[in-house]
Amino acid sequence: MVELDGGGAGPAAAPDSIAPGDRVLLMVRPGQAALSLGRRDSPTHGFAARLRSLDFQGSVFRYALTRADGREVIVTLLPQHQLADAGIGDEVWVTWDARH
């Protein structure tokens with residue numbers, strides 16, 4: 001489990017050389033991220049962010065998000081996983097699958 005600066009947590013795979021409390025950079029494969037509208041009441045993992053922009057780029061949707069701590073996050077989703085009814089300024093919940 002990784003705890004995120006600015007709030008949130010989630011599963012992550014790491015080499016044995018990483019000890020609890022070490023600072024790391026979390027990278028999530030595009031196909032493993034998921035978005036949902038609003039904050040989940042009792043999430044198992046993830047973090048909240050605001051939708052800053054949404055672009056369709058031919059084969060994927062690109063979501064530019066801003067976390068409460070000001071950090072920017074980019075999530076790309078295939079059309080079948082797009083976040084329907086999302087509007088600029090909406091709060092979204094970001095989760096990911098760390099099995100891959």
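Which residues does Val75 touch, not counting residues up to four places away in sequence? Val75 touches Ala33, Leu35, Phe61, Arg62, Tyr63, Leu65 and Val94 under that condition, where contact means heavy atoms within 4.5 Å.

## Basis of the model

This is a predicted model, in which local features need pLDDT of at least 70 and side-chain atom pairs count only at pLDDT 80 or more, while totals for chains, interfaces and linings use all residues. Residues are numbered from 1 along each chain as its sequence is written, and side-chain values use heavy atoms, with hydrogens and water left out.

## Nonpolar core

Val75 is also among the residues with the most contacts inside the largest nonpolar core, together with Leu35, Phe47, Tyr63 and Leu65, and this core has 18 residues. Such a core is a set of buried Ala, Val, Leu, Ile, Met, Phe, Trp, Tyr and Cys residues joined through side-chain atoms within 4.5 Å, buried being under 20% relative accessible area and exposed over 50%, with a 1.4 Å probe and protein chains only. Two or more residues each come from E3, E4, strand E5 (61-66), E6 and E7, strands being DSSP runs of at least two residues, numbered from the N terminus.

Strand E7 (91-96) has 5 of its 6 residues buried. It runs antiparallel to strand E3 (residues 33-37), joined by 5 bridges, with Leu35 opposite Val94; it also pairs in the antiparallel sense with strand E4 (residues 47-56) over 4 bridges, where Arg50 stands opposite Glu91. Pairing requires at least two DSSP bridges between the strands.

Asp85 lies in the loop between strand E6 (72-77) and E7, and it counts as exposed because its relative accessibility is 74%. The phi of Asp85 is near 70 degrees, a positive value in a residue other than glycine.
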